[in-house]
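Welcome, and please take a moment to look over the sequence and the 3D structure below.

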Amino acid sequence: MKTWNRAAVPSLTAYGHSEGESPSLHDVRTDRRLTLPTGRAASMYTCGITPYDATHLGHAFTYLAFDTLTRVWLDAGIEVRTAMNSTDVDDPLLERAARDGEDWRALAERQQELFRGDMAALRILPPDSWVAVTERIGPIAHAVQRLLDSGDAYRLPAQDAPGEDVLFDTARKRRFAIGEGSRTDAARMLELTREFGGEPDRPGKRSPLDPVLWRAERPGEPAWDAPVGRGRPGWHVECTVIAMDELGSPFTVAAGGRDLRFPHQEMQGHHAVALGAPLFSEARLNAGMVGFRGEKMSKSLGNLVLVSRLLADGARPAALRLALLDHHWRDDWEWFETDLEAAEQRLDRWLAWSQTPDDDPSLAESIVPWLRVTLQDDLNTPAALQAVDAFILRAPADDGSLAAIDALLGIDLRSIQPR
Ligand SMILES: [Zn+2]
């Protein structure tokens with residue numbers, strides 16, 4: 001699928017290099033800090049949007065976290081390959097389309113286009129491959145067939161249609177126990193399965209946690225012909241197949257918001273192992289959740305703060321970036337309207353500094369090593385912003401610092417207009 005414009009990322013090699021330095025990152029599966037990648041190449045799969053509602057700050061925060069990781073890797077001279085999906089056929093999208101009397105494809109197209117605009121405005125680097133689920137129905141169906149053949153999946157008659165769904169057998173003994181990959185206990189797994197529409201009480205399931213791999217055609221729903229039966233793919237297997245096809249396995253990092261930890265990312269790991277991968281990914285990273293007015297920002301609660309709305313109201317994209325980067329990527333935090341004004345003021349201070357002349361470049365101190373040190377340390381962007389705040393009080397704007405703020409924080413002070 002078409003992505004969006006890629007912002008230029010200046011090279012910092014002229015200002016000392018960080019060759020060979022991989023960042024340390026907190027991995028959910030092992031609950032440990034890992035230095036990744038161990039070699040000179042890194043690959044990352046990020047769970048994408050379900051395109052039925054525009055980008056809110058929670059999405060922006062997640063994609064910005066992994067954008068920062070990509071920038072840190074690139075600066076370290078690591079060869080980076082990234083992929084992301086778009087869940088362009090799924091229950092919430094179909095429900096929204098039906099509610100509004102819109103064709104589901106048109107809705108997905110429109111929302112994907114909005115997402116492109118929001119991501120480009122925020123200078124979030126596009127993935128190398130952005131793959132819509134509807135572009136990969138064949139390979140996904142093939143994987144489901146393989147899981148049936150290997151005994152990792154079973155058929156269950158649909159209750160409201162003539163066909164049969166295919167479910168993943170979570171109780172089957174594999175390399176990892178269910179719950180291990182997301183550090184989730186049994187009671188919570190059951191609760192989350194219910195919350196995500198996994199129908200734990202559905203009659204005939206071998207285990208309440210078993211997720212749907214293939215959903216038989218239901219009246220009025222889109223479906224595709226496949227050897228496994230006419231239907232459409234389940235959510236977790238889509239990401240599993242797209243990630244493995246694009247990046248191989250294990251790839252370096254599986255990334256997503258913390259709300260995807262269970263069942264989504266957990267099941268990806270089990271699907272991948274059942275499909276023959278030694279491991280789905282070396283690490284699993286979860287970005288924190290953004291709240292608003294006391295609750296997690298979510299479509300169901302209706303407390304969304306949309307990126308497009310803030311930008312239309314005059315927020316500078318760089319200020320919005322600064323407001324988000326001011327929170328550690330793994331933290332849960334709450335958005336306050338005053339955050340944006342504080343970030344606009346910080347951007348003004350940085351801009352004023354960027355226009356101060358550097359009289360003697362040979363004496364220039366540079367922020368490059370400070371930004372590298374803070375970001376290599378589990379992407380500590382709040383500390384990076386503070387480092388810039390302190391730096392601009394004592395040193396003029398040298399080329400290296402301006403390039404580093406652009407390359408690592410995604411803020412090109414040379415292209416931003418003062419208010
Ligand atoms: Zn996913």
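## The second largest pocket

The second largest pocket has a volume of about 220 Å³. Like everything here, this comes from a predicted model.

- At least two lining residues come from each of β3 (41–46), α1, β4 (79–86) and α3 (104–121).
- Helix α1 gives the most to this lining, with 5 residues.
- As background, empty space shows up when a probe the size of a water molecule is rolled over the atoms.

- Cys-239 has a relative accessible area of 0%, so it is buried.
- His-264 also counts as buried, because its relative accessibility is 0%.

## The antiparallel sheet of four strands

- Here 4 strands make an open sheet, in the order β6-β7-β8-β9, with antiparallel pairing.
- Strands β6 (153–157) and β9 (231–233) are the edge strands, and each of them pairs on one side only.
- On average, neighbouring strands of this sheet are turned by 20 degrees against each other, direction ignored.
- A hairpin through 6 residues joins β6 to β7, and these two strands pair in the antiparallel sense over 5 bridges.
- Tyr-154 has Leu-167 as its bridge partner in β7.
- Leu-167, in turn, has Val-212 as its bridge partner in β8; β7 and β8 pair in the antiparallel sense over 2 bridges.
- Strand β8 (residues 212–216) runs antiparallel to β9, and 3 bridges join the two. Across that pairing, Ala-216 stands opposite Gly-231 in β9.
- Is strand β7 largely enclosed or largely open? In β7 (residues 164–168), 4 of the 5 residues are buried, so the strand is largely enclosed by the rest of the structure.

## The mixed sheet of three strands

- Another open sheet has 3 strands in the order β13-β12-β14, with mixed pairing.
- The edges are β13 (295–296) and β14 (333–335); each has a single partner strand, so one side of each is left without a neighbour in the sheet.
- Strand β12 (residues 290–292) pairs with β14 in the parallel sense over 3 bridges.
- Phe-292 stands opposite Trp-335 in β14.
- Helix α10 (residues 337–354) lies across β12 and β14, and runs at about 85 degrees to β14.

## Helix α11 and its surroundings

- In helix α11 (residues 368–376), the buried residues are Val-368, Leu-371, Arg-372, Thr-374, Leu-375 and Gln-376.
- What do these buried residues pack against? Their partners are β1 (24–27), α1 (57–75), α12 (381–394) and α13 (399–409).
- After α11 comes Asp-378, which has a positive phi, near 50 degrees.

- Gln-112 sits in helix α3.
- Is Gln-112 buried or exposed? Its relative accessibility is 2%, so Gln-112 counts as buried.
- Beyond its neighbours within four places in sequence, Gln-112 is in contact with Met-1, Pro-51, Ser-86, Asp-88 and Trp-130.
- Ala-41 is found in strand β3, and it counts as partly exposed because its relative accessibility is 44%.
- Not counting residues up to four places away in sequence, Ala-41 touches Ile-78, Glu-79 and Thr-252.
- Ala-41 and Thr-252 are 211 residues apart along the chain, while their C-alpha atoms are separated by 8.7 Å.

Note on methods: Residues numbered from 1 in each chain as written. Predicted model: local features only at pLDDT ≥ 70, side-chain atom pairs only at ≥ 80, totals over all residues. Heavy atoms only, no water. Buried < 20%, exposed > 50% of the residue type's maximum accessible area, 1.4 Å probe, protein only. Contact = heavy atoms within 4.5 Å. Pairing = 2+ DSSP bridges. Axes fitted to C-alpha atoms, helices over the stretch in contact; angles between N-to-C directions. 1 Å grid on protein atoms, 1.4 Å probe; cavity = no way out; pocket = protein on both sides within 12 Å on 5 of 7 lines; lining within 4 Å. Points joined across faces, edges and corners; volume = space filled by probe spheres on them.
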